[in-house]
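Student: Hi, could you walk me through this one with me? I'd like to ask questions as we go.

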Amino acid sequence: MKKLLSMIVASLLVVGLVACSSNSDDTKEATSLGSGAKQSASTVVESKNNKQQAKEWAAMVEAKGNSLFASVLKQYKQAAKDGDDEKLVEERLDLSTGFSEMSSEKNIAKKIGYEFMDLNQDGTEELIITRIGNKEIEQNYIIAIYMYGNNGPKRVSEGWSRNAYYVIDNGQLLNEGSGGAMDNSFTKKRVRYEGEEVLSELSMSSYVEGQKVMYAYNPNGETKNSKKYKVSKKKFNSILKTWEGNRMKFDATPISEFVVK
C-alpha cells in the first residue's frame, strides 16, 4: 500500500510542477523573492493536496481489490492457519504450489502478503500474493497472480522456489526458472487473462559432454533454438544484472490482516 501511495504522490507532483512552470505570470516574477515565496507556499499546499488525493486513490484501489478478490483472499487466509493438517496442505496446494511449499512453516499468515497492481494497464488491478518478511528481495518472490475477468478471479501465474516470479519495469514479470545448477531460464513476461505472454528470454544450459555451458538471449521471445541466440557469458550476465536490478520490493499487507466479511 505504501509503495502504491508513493507512486501516486510522485505522479501527481509531476503534474502539479508542470502546471506551475507553465504559468506566465509566475515565470515573469521568478527573479523576485516575493514570487519565490508564493511559489514555495503554492507547492506546499499542492503537495498536501496531492498526498490527500493519493491516499484517497490508494484507499479506493484497496477497497476495489478487496471486493473483486474477496473469495480468493478468504481462501488464502483460511488455508494459512498453522499446522500440518492434511486438509490444509491440500488447500494450499490447490491455491498454488509456492503456498504449498510453506506447509511446514509456522505463522504462514504473517509470511505471505497481498498487493493490488495494474500489471497489464487495463484499468483493473491484479491481485499479487507474495512471500514477505525476508531480508533478501529474491526470497520475497510472488507465489500467485490473479486477474479479474468475465468469469471472475482467475490465477494466471504461480511461482515457487525454483520457479520464482517478480514484478519489474512497466508491470512486466521476471520469471526465474531452474532445472539445475547450470540449467536456468530468465524470462520477461506479461500477464494475460488467457495466459502469459513471453516478451524476451535469457537461458543458460549445460552440455553433458565436458559440462560446457551455453548462454542464449532472444529479445523477442523464447530461446528454443539456443544456438541461434547464443551470446557470450559477459553479455548474458550484463542483461541479467539489469533485469534483476529492477525487481520491485513490495510493501504488501500480511494475509493475516485481511478482514473476512
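Tutor: Happy to; what follows is a short chat about this model, topic by topic.

Student: What should I know before reading it?
Tutor: This is a predicted model, where local features need pLDDT of at least 70, side-chain atom pairs count only at pLDDT 80 or more, and totals for chains, interfaces and linings use all residues. Residues are numbered from 1 along each chain as its sequence is written, and side-chain values use heavy atoms, with hydrogens and water left out.

Student: What does pLDDT average over the protein?
Tutor: The average is 82, and 80% of the residues score at least 70. pLDDT is the predictor's confidence in each residue, from 0 to 100.

Student: And over which residues does pLDDT stay under 50?
Tutor: Residues 7-36, for which the model has 19 contacts beyond four places in sequence. A contact here means heavy atoms within 4.5 Å. Where pLDDT is low, the predicted coordinates should not be read in detail.

Student: OK, on to β5. Is β5 mostly covered or open?
Tutor: Mostly covered: five of its five residues are buried. Buried means under 20% relative accessible area, exposed over 50%, and partly exposed in between, using a 1.4 Å probe and protein chains only. Strands are DSSP runs of E with at least two residues, helices are runs of H or I with at least four, and both are numbered from the N terminus.

Student: Which residues sit on each side of β5?
Tutor: Asn-163, Tyr-165 and Val-167 are on one side, with Ala-164 and Tyr-166 on the other, and all are buried. In a regular strand the side chains alternate between the two faces of the sheet.

Student: How many bridges join β5 to β6?
Tutor: Five, and the two strands run antiparallel. Strands pair if DSSP finds at least two bridges between them. Asn-163, for instance, has Gly-177 in β6 as its bridge partner. The two strands form a hairpin with five residues between them.

Student: Is Asn-170 buried or exposed, and what is it in contact with?
Tutor: Asn-170 is exposed, with a relative accessible area of 52%. Leaving aside neighbours within four places in sequence, Asn-170 is in contact with Leu-119, Gln-121 and Arg-190. Asn-120 is 50 residues away from Asn-170 in sequence, and their C-alpha atoms are 8.6 Å apart.

Student: What about the phi of Asn-107?
Tutor: Phi of Asn-107 is also positive, near 55°. Asn-107 lies in the loop between α6 (97-101) and β1 (112-117), and is partly exposed at 43% relative accessible area.

Student: Switching topic: why is β9 largely enclosed?
Tutor: Because five of the six residues of β9 (residues 213-218) are buried.

Student: Which strands are joined to β9?
Tutor: Six bridges join β9 to β8 (residues 197-206), running antiparallel, and Leu-202 has Tyr-217 as its partner in β9. Two bridges join β9 to β10 (residues 230-231), also antiparallel, and there Ala-216 stands opposite Lys-230.

Student: Last one: where do α4 and α5 meet?
Tutor: Gln-75, Tyr-76, Gln-78 and Ala-79 in α4 meet Leu-88, Glu-91, Arg-92 and Leu-95 in α5.
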